[in-house]
Amino acid sequence: MDMQATGKAETDLFSPVNLGPITLANRIVMAPLTRSRAGLGDTPRALNAEYYAQRATAGLIISEATQISQQGKGYAYTPGIYTDEQVAGWKLVTDAVHAKGGHMFAQLWHVGRISHNDLQPGGGLPVAPSAIRPEGQAFTEEGFKPHPTPRALETDEIAGIVADYAHAAACARRAGFDGVEIHSANQYLLEQFIRDSSNIRTDRYGGSIENRLRIVLEVAEAVTAVWGGGERVGIRLSPTSPGLGPNDSNPWPVYSALVEQLNRFGLVYAHVIEGKTQGSRAELPGFSFQQLRSLFRGLYIANNGFDREMALRARRENLADLVCFGRPFIGNPDLVERLRRNAPLATPAKETWYGGDAKGYTDWPTMVA
Ligand code: 8OZ
């Protein structure tokens with residue numbers, strides 16, 4: 001079906017939708033995008049506010065991944081959301097987005113073992129469910145360095161991490177965000193606990209599926225308590241993405257149990273990376289994203305490699321409630337309008353995705369009217 005040719009409003013992709021108590025202008029979500037441009041003290045600044053405000057016509061903006069503590073940091077120049085200065089910095093961002101009529105959630109992030117001593121408090125080892133070294137390298141201020149073998153968390157340290165999530169969730173409220181997203185995807189701490197490939201613990205946080213899901217449910221409970229319920233809390237999952245480490249040996253029973261358990265917190269959405277993050281959308285045998293969606297009571301935000309046609313189809317065939325676009329928002333601040341008009345998209349070079357300044361960040365023009 002050609003929307004341009006018929007000219008009729010045959011899709012609701014560009015129409016308002018309710019997300020809990022909030023009404024979004026459309027069903028297009030700007031994905032969390034790490035851009036590594038925070039200021040000193042991992043504090044957002046005017047440049048970041050300008051970048052997000054330029055993209056405020058997205059129905060919902062999800063902030064770039066934002067560490068809940070210094071221990072949760074794994075890359076140079078990513079922003080935090082745990083100090084008063086960071087709250088003030090984020091307030092610049094949320095005020096600028098709201099002034100343009102947009103809505104924005106903060107993504108709460110703990111990287112676990114995907115880090116390096118250079119980024120950790122006191123130069124200590126990164127922490128993880130188990131002392132298993134991930135492949136790959138950490139992005140530090142001195143360039144890329146191999147991930148060290150992390151330190152396995154003591155059982156009695158886990159409550160402190162849950163408390164860090166609660167503190168960060170409270171900071172996000174003070175900073176004027178419309179809600180928060182718990183980052184439980186892409187190989188970071190919560191996913192490290194979920195998967196049997198990175199969690200070989202023998203305490204109540206390891207072993208059975210129930211035990212491996214425990215920390216995620218504790219975080220969901222703590223964060224929804226801070227926000228007065230789940231109506232402004234979402235979660236991000238990547239059930240079948242290998243990321244930098246292997247998948248769970250059998251993801252379906254794990255993730256179906258997780259979304260069913262999450263239902264008791266009334267989360268407003270699950271934001272699901274369908275397939276391999278930044279890669280193939282092929283489903284694993286024995287895993288169905290639509291079935292996962294049917295088990296979850298909140299809205300379903302689909303993510304991974306969407307283009308205009310796929311997004312229109314997702315609504316036409318009701319494969320998702322909202323559709324997330326990531327990289328296309330980098331070079332197209334007015335992506336929503338370009339999709340509406342089926343206009344050409346700019347495709348930025350990878351060199352300016354991470355780090356640097358305004359170049360490749362806030363200098364992308366909108367379409368000529
Ligand atoms: C790309 C570079 C650094 C971090 C994720 C937070 O994959 C990230 C990330 C992506 O969720």
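Reader: How many disulfides does the structure hold?

Author: A disulfide is a pair of cysteine sulfur atoms within 2.5 Å. The structure holds zero disulfides. Buried means under 20% relative accessible area, exposed over 50%, and partly exposed in between, with a 1.4 Å probe and protein chains only. C171 is buried at 1% relative accessibility. C324 is buried too, at 3%.

Reader: What kind of model is this?

Author: This is a predicted model: local features need pLDDT of at least 70, side-chain atom pairs count only at pLDDT 80 or more, and totals for chains, interfaces and linings use all residues. Residues are numbered from 1 along each chain as its sequence is written, and side-chain values use heavy atoms, with hydrogens and water left out.

Reader: Which residues are around the ligand?

Author: A residue is near a molecule if one of its heavy atoms lies within 4 Å of it. Here the residues around the ligand are T34, A65, Y75, W109, H183, N186, Y188, R236 and Y354.

Reader: How many aromatic pairs does a search of the whole structure find?

Author: Rings of Phe, Tyr and Trp (its six-membered ring) pair if their centres lie within 6.5 Å; planes under 30 degrees apart are stacked, over 60 edge-to-face, and the rest tilted. The search finds 14 aromatic pairs. One of them is Y77 with F139, edge-to-face, at 6.4 Å centre to centre and 65° between the planes. This pair links distant parts of the chain, 62 residues apart: Y77 is in the loop between β4 (60–67) and α3 (84–99), and F139 is in strand β7 (residues 137–140). Helices (H or I, at least four residues) and strands (E, at least two) are DSSP runs, numbered from the N terminus. Y77 is partly exposed, at 32%. Elsewhere, Y51, Y52, W90, F177 and Y361 form one aromatic cluster.

Reader: Which residue lies over the face of W227?

Author: A charge sits over a ring if NZ of Lys or CZ of Arg is within 6 Å of the ring centre and within 35 degrees of the ring normal. R173 lies over W227, 5.2 Å from the ring centre.

Reader: What does the side chain of D321 contact?

Author: A polar contact is a pair of N or O atoms within 3.5 Å; within protein, one must be able to donate a hydrogen and the other to accept it, and residues adjacent in sequence count only if both atoms are side-chain atoms. The D321 side chain contacts the R293 side chain at 3.2 Å. The D321 side chain also reaches the backbone nitrogen of Y300 at 2.7 Å. D321 is in the loop between α9 (308–316) and β14 (322–325), and is buried at 16%.

Reader: Is phi of Q187 positive or negative?

Author: Most residues other than glycine have a negative phi. Phi of Q187 is positive, near 70°. Q187 is buried, at 12%. Phi of Q278 is also positive, near 60°, but Q278 is partly exposed, at 47%.
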